[in-house]
Amino acid sequence: MIGLGLVLLVVGLFIAANSGGGHGEAAHGAAEAGHHTAGWGQRLLANLWLNNVYLTGIAVVGVLFVAIQYVAYAGWSVLIKRVPEALGSYLLVGGIIMLLVFILPIIFTGHNTLLHWTDHSLHEVGNPNYDPIIAGKSGYLNITFFTIRLVAYFALWYMFFKWMRRESMAEDLNGGLNHYNKSIRLGATFLVVFGVTSSMSAWDWVLSIDTHWFSTMFGWYVFASWWVSGLAAVTLTVIILKQMGYMKMVTSNHLHDLGKFVFGFSIFWTYIWFSQFMLYWYANIPEEAIYFMERLGGNNNHYTWIFFFNLVINFAFPFLVLMTRDAKRQMIMLKIVCIAILIGHWFDFYLMIMPGTMRGESGFGLIEIGTALTFLGTFLLVFTKELSKASLVPVNHPFLEESIHHHV
Amino acid sequence: MTSKKYILGVFEDEDVLLNAIEKTRAAGTKIYDVFSPYPIHGIDDVLGIQRSRLPIVAFFCGLCGTSFALWMQIYMLGFDWPMIIGGKPHVALPSFIPVTFELTVLFAAFGMVITFFIISGLRPTLKVPVMDVRSTDDKYVMAIELKEGTDISKLNDLLRSNGAVEVNQKEVVK
């Protein structure tokens, strides 16, 4: 797995470097034509932001998954627990990248073009750029508070990841119920923390791109997207590990449960998606509908195909394919669906982030693939390194025996 | 009035019972049914009971519900009595989705329940033979239908050698 991660990383960097070259040419061409483009800097920034938000979500969902299993006294998941447990290791990297991508443009140019509201001239009364709506939100959306929140989310998430991981490792050595009970308390606390921070981080990182627009569903929407991608990532890792000869005790019964999770929550995501869409569509108030206008039909139909592709790959495909019991118990079907969901939700975030930052100019070229591969490589490297630090089977977990005999 | 005779093997332990079921079936004896106070894990596999095909029924009933709901709304609101609601087109698909979803669930659920009643013959007049009242308390009862020419003593030996504490006979009038 580490090898795979490294190879992907190298390939990604190579492509990113190449596309950097291609970029200059494209920028030249644009300059010659006298066109105003959003520029490659903005495009790179938007891509960094997109991939980092997406992978951070998957990482934090790993921690959440473990927390939920503890709080629910779940037995079935013990054998696969080490996979989501290790996912959280990306949080440190993710936090640093997120902070840098946010703060560096502000230090150098005064404001971050990704997040429109960071431009301070918008808040000054009398300035020609003055925007009363954004100024009215400046109590929450200001650079200092945003930075504090950003650091706080990552600090909290990473701390809980470390704590739960430490308890789990200590349990391998010492056995007994102490570590288990402590993990339950940690898990319950994390659920409370995550309940607040997941919504708030979604407002901060994704919703605030479209500063004027607002949606009370948005925290849930981003969470649903993160959660189902996280589940797909866990399932995919388990299958790959099993096919590589690890995790011999994981049977089709465990896969069945993971499959049900993926199946159920891709429907949940659709439910949230539709709840948000339908209310705006029905009320048809300009300041609200503009969000969907930009994505569906607006920007010269730039995003229309992604809008429908998003629904097909994240709802129709998993729904129809994973419907039968056999499909959830077979590795090949689950694998295909999990990969589709992971790609699909990347596009979901693309659709959330790109229209607000790139308008109709976003592309899908080498820079997108390069950045995505680089991030994926880094993610896999950090994740597999963490995964290899501990036994894949939590040998002293009190429910280990139950998980081995799990049968559905 | 037809009556059927059954040989009842009474067991006191779940694991002994599961083992006995396997041995009895391996010996070529057809088991009519097994009665237990609670659902026993894994007994379906041992008894050779096939997985239910009810999910297939659910899928097709759901499909009927979806098509019915869509047809109903499109026909009624789009063609039979077109009305402008909220300035939307007559056939406005997003507003049809909630009803479509509900009818899909309703059709699937009702279809499944009705199919289940029909297949399993559950009706108000159904008489359920209680083989041994103790199977609702603390005993496990394996019933084997007694056909003409069945060797009772051989069956008796088979059951007892596999851990049955009692072997009884029961006649059920239908």
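At what angle do H2(A) and helix H7 (residues 178-205) of chain A pack, and how far apart are their axes? In this predicted model, the two helices meet at an angle of about 150°, and their axes are 8 Å apart. Since angles over 145 degrees count as roughly antiparallel, H2(A) is therefore roughly antiparallel to H7(A). The crossing of H2(A) past H7(A) is left-handed. On the H2(A) side, the contact is formed by Val53(A), Val63(A), Leu64(A), Ala67(A), Tyr70(A) and Val71(A). H7(A) contributes Ser183(A), Ile184(A), Gly187(A), Ala188(A), Phe190(A), Leu191(A), Phe194(A) and Trp205(A). By class, the residues of this contact are 12 nonpolar, two polar and no charged.

H2(A), which spans residues 40-71, also packs against helix H4 (residues 90-109) of chain A. Here the angle is about 150° and the axes are 9 Å apart. That angle makes H2(A) roughly antiparallel to H4(A). H2(A) passes H4(A) in a left-handed crossing. From H2(A), the residues involved are Leu45(A), Leu48(A), Trp49(A), Asn52(A), Leu55(A), Thr56(A), Ala59(A) and Val60(A). Their counterparts in H4(A) are Tyr90(A), Leu91(A), Gly94(A), Ile97(A), Met98(A), Val101(A) and Pro105(A). The contact of H2(A) with H4(A) comprises 12 nonpolar, three polar and no charged residues.

Another helix pair in chain A consists of H8 (residues 218-243) and H14 (residues 331-358). Their axes come within 9 Å and cross at roughly 145°. H8(A) passes H14(A) in a left-handed crossing. The H8(A) residues in the contact are Ser225(A), Val228(A), Ser229(A), Ala232(A), Ala233(A), Thr235(A), Leu236(A), Ile239(A) and Gln243(A). They meet Met331(A), Leu334(A), Lys335(A), Cys338(A), Ile339(A), Ile341(A), Leu342(A), His345(A), Asp348(A) and Phe349(A) in H14(A). This contact divides into 12 nonpolar, five polar and two charged residues.

Next comes chain B, which is divided into two domains. Domain 1 is made up of 3-49 + 126-173, and domain 2 covers 54-120. Between the C-alpha centres of domain 1 and domain 2 of chain B the separation is 46 Å. Where chain A meets chain B, five residues of chain A are in contact with five residues of chain B. On the chain A side, the residues touching chain B are four nonpolar, one polar and no charged.

How confident is the predictor in the complex and in its chains? For the complex, the predictor gives an ipTM of 0.81 and a pTM of 0.87. Chain B has a mean pLDDT of 88, with 99% of its residues at 70 or more. In chain A the mean pLDDT is 87, and 91% of the residues reach 70 or more. Residues 20-37 of chain A have a pLDDT below 50. Beyond near neighbours in sequence, that stretch of chain A has seven contacts in the model.

Methods. Residues are numbered from 1 along each chain as its sequence is written. Chains are lettered from A and ligands numbered from 1 in the order in which they are written. This is a predicted model: local features need pLDDT of at least 70, side-chain atom pairs count only at pLDDT 80 or more; totals for chains, interfaces and linings use all residues. Axes are lines fitted to C-alpha atoms, for helices over the stretch in contact, and angles run from 0 to 180 degrees between N-to-C directions. Helices (H or I, at least four residues) and strands (E, at least two) are DSSP runs, numbered from the N terminus. Angles under 35 degrees count as roughly parallel, over 145 as roughly antiparallel, 65 to 115 as roughly perpendicular and the rest as oblique. A crossing is left-handed if the near helix is turned anticlockwise from the far one by less than a right angle, and right-handed if clockwise. Two residues are in contact if their C-beta atoms, placed from the backbone, lie within 7 Å. Ala, Val, Leu, Ile, Met, Phe, Trp, Tyr, Cys and Pro count as nonpolar, Asp, Glu, Lys and Arg as charged, and the others, Gly among them, as polar. Domain bounds come from an automatic or database domain assignment. pLDDT is the predictor's confidence in each residue, from 0 to 100.
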